[in-house]
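Biologist: I am new to this structure. Please show me how to read it, one feature at a time.

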Amino acid sequence: MKTQEEYLQELKQWLYDTADVPLEEMSSFFANRLDSYEEHMSAWEKSYKLFAEEIPPECQKILDLGCGTGLELDKIWQMKPDVEVTGVDLCQNMLEKLMEKHSDKRFTPICQDYFKYDFGNERWDAVISFESFHHFLPERKKELYSKIYSGVKAGGVFILGDYIACCGEEEELLRDAYLKRRNQSDIPDDCFVHFDIPLTMGHEKALLQEAGFTVEKVLDEAAAIIVCRKGGK
Ligand SMILES: C[S@@+](CC[C@H](N)C(=O)[O-])C[C@H]1O[C@@H](n2cnc3c(N)ncnc32)[C@H](O)[C@@H]1O
């Protein structure tokens with residue numbers, strides 16, 4: 001097991017070694033890796049199962065943000081085959097793979113940027129997202145969490161499964177590298193690129209609470225799982 005110091009040392013070396021590698025546009029990044037994607041993500045198998053177990057038993061309508069090929073939905077539909085899901089993703093190829101696997105399910109695909117998609121008002125029993133939001137700066141997440149808060153029904157949940165920075169130094173190193181690399185390639189503000197910029201657990205929870213959520217449970221697994229509720233049950 002690596003110490004935090006060793007981990008940060010390796011991260012700094014990796015950032016130094018890859019400083020000149022151009023960033024890839026988000027949806028092409030996933031489309032280009034579609035064939036190996038699910039195998040790559042199998043490292044999070046246990047987290048997908050734990051994540052699915054947090055869906056409340058009474059839940060009927062789910063909004064999944066950045067659903068990709070639906071690895072979290074594989075587990076959720078195993079437990080609740082009738083639950084109705086709307087899945088938003090930028091990458092059409094990922095959505096197509098999801099639909100091939102689950103042609104018999106109640107699923108509405110939306111190939112769109114979730115910052116632009118209208119979540120509506122008090123429309124969803126649960127909003128979920130697994131391993132998608134760590135590509136965005138806290139300023140953008142703040143906007144997204146408020147939108148999610150409005151979209152969830154009173155008493156409903158937002159369940160976030162994501163990659164978390166081990167400390168403030170990791171968060172800062174990645175944010176600085178991300179901004180520097182966007183800048184050096186003159187990437188326009190409205191272009192999403194694939195680069196991980198996770199927040200610390202403290203920072204993530206503070207943003208969720210600022211949006212109005214009560215953080216009810218945190219499972220600190222390979223991917224952290226944060227269960228948030230809107231208002232009382
Ligand atoms: C690492 S994958 C996770 C997919 C799935 N949730 C899973 O765990 O397998 C991240 C997904 O988020 C999607 N994504 C990233 N930014 C997005 C945005 N702004 N709007 C919609 N989807 C986005 C990507 O296209 C990709 O499919």
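Modeller: Start with one residue. With 29 C-beta neighbours inside 10 Å, L160 counts as buried. The general rule uses C-beta atoms placed from the backbone: 20 or more others within 10 Å is buried, 12 or fewer is exposed, and in between is partly exposed. As for the source, this is a predicted model, where local features need pLDDT of at least 70, side-chain atom pairs count only at pLDDT 80 or more, and totals for chains, interfaces and linings use all residues. Residues are numbered from 1 along each chain as its sequence is written.

Biologist: Where is L160 found, and with which residues is L160 in contact?

Modeller: L160 is found in strand β5, residues 152-162. Strands (E, at least two residues) and helices (H or I, at least four) are DSSP runs, numbered from the N terminus. A contact means that two C-beta atoms, placed from the backbone, lie within 7 Å. Leaving aside neighbours within four places in sequence, L160 is in contact with S129, F133 and I226.

Biologist: How many helices and strands are there in the protein chain?

Modeller: Nine helices and seven strands. Of the 233 residues, 33% count as buried.

Biologist: How should I read the radius of gyration of the protein chain?

Modeller: With 233 residues, a compact globule would have a radius near 17 Å, and the protein chain has 17 Å, so the two agree. Along its principal axes the C-alpha trace spans about 50 × 35 × 35 Å. Look at contacts too. Among those between residues at least 6 apart in sequence, 73% join residues at least 24 apart.

Biologist: How do the axes of helix α1 and helix α8 cross?

Modeller: Axes are lines fitted to C-alpha atoms, for helices over the stretch in contact, and angles run from 0 to 180 degrees between N-to-C directions. The axes of α1 (residues 4-17) and α8 (residues 168-184) come within 11 Å and cross at roughly 5°. That makes α1 roughly parallel to α8. The cut-offs are under 35 degrees for roughly parallel, over 145 for roughly antiparallel, 65 to 115 for roughly perpendicular, and oblique for the rest.

Biologist: Which residues meet there?

Modeller: L8, L11, K12 and L15 in α1 meet E169, E170, L173 and A177 in α8. They divide into five nonpolar, no polar and three charged. Here Ala, Val, Leu, Ile, Met, Phe, Trp, Tyr, Cys and Pro count as nonpolar, Asp, Glu, Lys and Arg as charged, and the others, Gly among them, as polar. L8 is partly exposed, with 16 other C-beta atoms within 10 Å.

Biologist: Which residues come nearest to the ligand?

Modeller: Near means a C-beta atom, placed from the backbone, within 6 Å of the molecule. Of the 23 residues around the ligand, G66, G68, L71, C91 and S132 come nearest. Helix α2 gives the largest share of the shell, three residues. The shell divides into 13 nonpolar, six polar and four charged residues.

Biologist: What is the phi of E122, and what is the phi of E131?

Modeller: E122 has a positive phi of about 50° although it is not a glycine. Phi of E131 is near 55°, also positive in a residue other than glycine.

Biologist: Are they buried, exposed or partly exposed?

Modeller: E122 counts as partly exposed, with 13 C-beta neighbours inside 10 Å. E131 has 21 and counts as buried.

How values were computed: The radius of gyration is taken over C-alpha atoms; the globule rule is 2.2 Å times the number of residues to the power 0.38.
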